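Thank you all for coming.

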Amino acid sequence: MMNEQNKFEKDFGDEFTEGAYFSESDPSEDTLEAAYGLAFDFYLKYSKSKGFSARMIKTFKNSIGEIYKQNFVCHRQGFREKKYYTMEKNETIDTYIWLLRQLMFAMKGKTLTLIITDGAMAIRNAVRDVFPEVRHRLYAWHLIRNATSNVGNPAFTYKFRKIMLGDYEIPVFKRKWVQLIEEFGLEDKPWVNNMYEEKHMWATAYIRGKFFAGFRTTSRCQVLHSVVARYVGSQYDLISFVEHFQRCVSHLRFKEFNADYESTHAVPVMQTCIELLERFAAEVYTHEIFLLIWSFLSRAGSMRVLNIENNNDCSKYIVCKHGRPDFLWTIEFHQEEMIFMCSCLRMELFGIPCEHIVKVLVDRHICEIPPSLVLDRWTKKVKSALNDASGFTRVL
């Protein structure tokens, strides 16, 4: 113990003689601040020699602004005031405009085709200014939370969510909305009326046919935040942050490598009665997308063709669900271009052929999914198409 104390005094002897203790006979502000700085350096070096760190916790000033006291504590003592570890929010229109323009610059001038936000007016106006043609969708979870806080009836929230996410035709949506409002007596509720005015931004009935890749919330972003939070913290300095963030990036790349390997080498077990289409989907799509495709392939067995109209190059199919003749879908098939269009518009919304189109493929004995129904972004080959010979990703 004495050896450690002697070592400390030898290493930091200068601090004992050069101002760690200062005389009050020289009260100038510069001298006091310099003395406090020397004192803090002294305690910081001492704490590091003992395996911890120190920080300034509070500064005391008199009525004329002169410092007369400074507290130093262990870096783990108590809680820091909020201003020291959070940034003040600056959610103004100008801030969002700057942010979106930087995003467009990073994308080499490409504009967004869709965006999902919580509906704040500042970001709405900024999006309208920078990306006037973008398809703007409101965050589903945020709307459900607002429904709970503004109406305060769990039964209403449940039915509101069902109508919001339901795959209805527009007339059906309008009818169900009127029934919902009358059931709970909300005809004069301002929030409810405002939501109906903005239905084109949140109701699936109005968003159908617009490609959102299956997104209706920012959950993917929240998941990424939670992953990053496992590796970095607000207490890290810049060097520590970069080191730990690189570990996070390595972890994500390793998971991506495993997913790529599984998609490339794993062979799923064929489970449907339309094995040729299922096997083709397994060969073309990534593993995660194949699992989504498989659900449509399996549901195609419950579809029934009610009527077929042949007009020159176009054939029109009327399809219903087995035992539910009141649920009808219309599929147009252009044989020359091998183009399929279904009234459910799920192909346009998700980029995956629906069970109604699959039923037509089976009816016409088509054993492979046509290229018009295969979105490149969901396939195994998309990465190799984006990488050049050196292995670096090209920006399209």
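This is a predicted model: local features need pLDDT of at least 70, side-chain atom pairs count only at pLDDT 80 or more; totals for chains, interfaces and linings use all residues.

Residues are numbered from 1 along each chain as its sequence is written, and side-chain values use heavy atoms, with hydrogens and water left out.

The secondary structure of the protein chain comes to 17 helices and eight strands, where helices (H or I, at least four residues) and strands (E, at least two) are DSSP runs numbered from the N terminus. Of its 396 residues, 32% count as buried; buried means under 20% relative accessible area, exposed means over 50%, and partly exposed is in between, with a 1.4 Å probe and protein chains only. If we take the contacts in the protein chain with a separation of 6 or more, 49% of them come from residues 24 or more positions apart, a contact being heavy atoms within 4.5 Å. The chain exposes about 26100 Å², of which carbon and sulfur atoms supply 55%, by the Shrake-Rupley method with a 1.4 Å probe; for residues, only the protein chains shown count as cover.

Let me turn to helix H7, residues 154-165. Its 12 residues should span 16 Å at 1.5 Å a residue, and the end C-alpha atoms are 17 Å apart, which agrees; the expected span is 1.5 Å times one less than the number of residues. Which residues of H7 are buried? They are Phe156, Thr157, Phe160, Ile163 and Met164, and they cover an arc of only 130° around the axis, which puts them on the same side of H7, the arc being that of the directions from the helix axis to the C-beta atoms.

Helix H8 has 15 residues and reaches 22 Å from its first C-alpha to its last, close to the 21 Å expected. Here Phe173, Trp177, Leu180 and Ile181 are buried, and, seen down the axis of H8, the buried residues fall within an arc of 95°, so they line one face of the helix. These buried residues pack against H7, H9 and H10, whereas Pro171 and Glu182, on the other side of H8, are exposed. Just after H8, glycine 185 takes a positive phi of about 60°.

Now the hairpin. Strands E5 (residues 303-311) and E6 (residues 314-321) run antiparallel and are joined by eight bridges; two strands pair if DSSP finds at least two bridges between them. Asparagine 307 stands opposite isoleucine 318 in E6, and in the turn, where two residues lie between the strands, asparagine 312 has a positive phi of about 55°.

Last, the loops. Lysine 108, in the loop between helix H4 (93-106) and strand E3 (114-117), has a positive phi near 55° and counts as exposed at 65% relative accessibility. Histidine 365, in the loop between helix H16 (355-363) and helix H17 (382-386), has a positive phi near 60° and is exposed, with a relative accessible area of 67%.
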